[in-house]
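This briefing is for a reader meeting the structure for the first time. Please look through the sequence and the model before turning to the points that follow.

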Amino acid sequence: MNYIVISPYYPENFQQFTIELANKGVRVLGIGQEPYEQLGPGLQNALTEYFRVDNLENLDEVKRAVAFLFYKHGPIDRIESHNEYWLEQDAQLREQFNVFGAKPNDLKKTKFKSEMKKLFKKAGVPVVPGQVVKKLSDVDQAVKKIGLPLIAKPDNGVGAAATFKIETAADVEHFKAEWDQETVYFFEKFVTSSEICTFDGLIDSEGNIVFSTTFDYAYTPLDLMLYKMDNSYYILKEMDPKLRAYGEAIVQAFGMKERFFHIEFFRQDGDYIAIEYNNRPAGGFTIDVYNYAHSIDLYRGYANIVVGEPFPESDVEPLFCLATSRRASSHYAYSEADLLEKYRDNFKVKKDMPAAFAELQGDYLYMLTTPSREQMEEMIADFGKKAE
């Protein structure tokens, strides 16, 4: 099997995908911007060949790299990065070279919030009213139809980027003044719930869910963006059966194969409202957080399903796993040394956040496990408490 991995070096934790695929006997071929000597021995040993391009964003250059690897090693079976940034390019390459996996047409339903909402409805999952806004006259029409307060997001966008919270007539005029009128927006009713949870997992090549889990955000992504709060989220030991039923119905409606998924919901009044479907793993180091919570190895598990082997189940009871961040510029009530001593039996790892995530999420990320929700909430409070 010939497997091309796009950007094998970055992000650092995704290097393990390449290593585990190689351990399964897959011929892994890398395409990236970094010099070969920068990859390090782990990646160098796992990659059969590495093709360095000057600019990974230059699709023509990347196509030439794929064509060369095809010519040298034979037909390509997979092209993947697992990275939000490269999803569309990955799909274009698969279409060009007739490779298994999501093509550009498949991504339409995961790129546009308006298209996602149609599939959430098809899956029988609650959603809030929404409307596409393409021109200036659409703004007042959407406000009248949906009502204030509402949230305005790019219809094709990621996370909370370029998001407006519109609560008053003045906010409506502010949006009009700021909007470039080229970016298509999606307006939807503002949900007052501050509880956001997920249904995340991995699908095999037949479309079956082989792993699923859920985590809660301590603060919403919008709050992180607006108030520069410290990011905290935690894997739950158990999943609400209603959330599982909604998540499984959504995965079936979207019809993806051999992919990770990350679906976000509001939790409100004992029910869930679907927010968005992401055709990839949750960002940052979240795969590592899943692994610690469930005592599994998703990098190895993914390699298993690629080569057609069963996903390795864990027989260990799940734990809460907290991922909580701190900012280098903030002054905290408790030192890192004191906290790592207090939670020495719970602490797993500290990670330096990549620059791309640090401004929004914090500079350092700490992962800790515990069987107790009460202790986990104490951890969140201790790591986040600011000095007086």
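**Helix packing and burial**

The crossing of helices H1 and H12 is right-handed, in a model that is predicted.

**H1 and H12**

- Helix H1 (residues 15–23) packs with helix H12 (residues 298–306) at an angle of about 50°, their axes being 8 Å apart, which makes H1 oblique to H12.
- From H1, the residues Gln16, Phe17, Glu20 and Leu21 meet Leu298, Tyr299, Arg300, Tyr302, Ala303 and Val306 of H12, and the residues of this contact divide into 7 nonpolar, 1 polar and 2 charged.

**H8**

- Val172, Phe175 and Lys176 are buried in helix H8 (residues 169–178), and because these buried residues fall within an arc of 100° when seen down the axis of H8, they line one face of the helix.
- Ala170, Ala177 and Glu178, on the other side of H8, are exposed.
- The cover over the buried residues of H8 includes helix H7 (136–146) together with strands S6 (150–154), S7 (164–166) and S8 (185–189).

**H6**

- In helix H6 (residues 113–122), the buried residues are Lys113, Ser114, Met116, Lys117, Leu119 and Phe120.
- These buried residues of H6 pack against helices H5 (104–111) and H10 (241–254), and also against strands S5 (130–133), S6, S8 and S14 (271–278).
- Gly124, which lies just after H6, takes a positive phi of about 75°.

Technical notes: Residues numbered from 1 in each chain as written. Predicted model: local features only at pLDDT ≥ 70, side-chain atom pairs only at ≥ 80, totals over all residues. Heavy atoms only, no water. Axes fitted to C-alpha atoms, helices over the stretch in contact; angles between N-to-C directions. Helix = DSSP H or I, 4+ residues; strand = E, 2+ residues; numbered from the N terminus. Parallel < 35°, antiparallel > 145°, perpendicular 65-115°, else oblique. Left-handed = near helix turned anticlockwise from the far one by under 90°. Contact = heavy atoms within 4.5 Å. Nonpolar A, V, L, I, M, F, W, Y, C, P; charged D, E, K, R; others polar. Buried < 20%, exposed > 50% of the residue type's maximum accessible area, 1.4 Å probe, protein only. Arc of directions from axis to C-beta.
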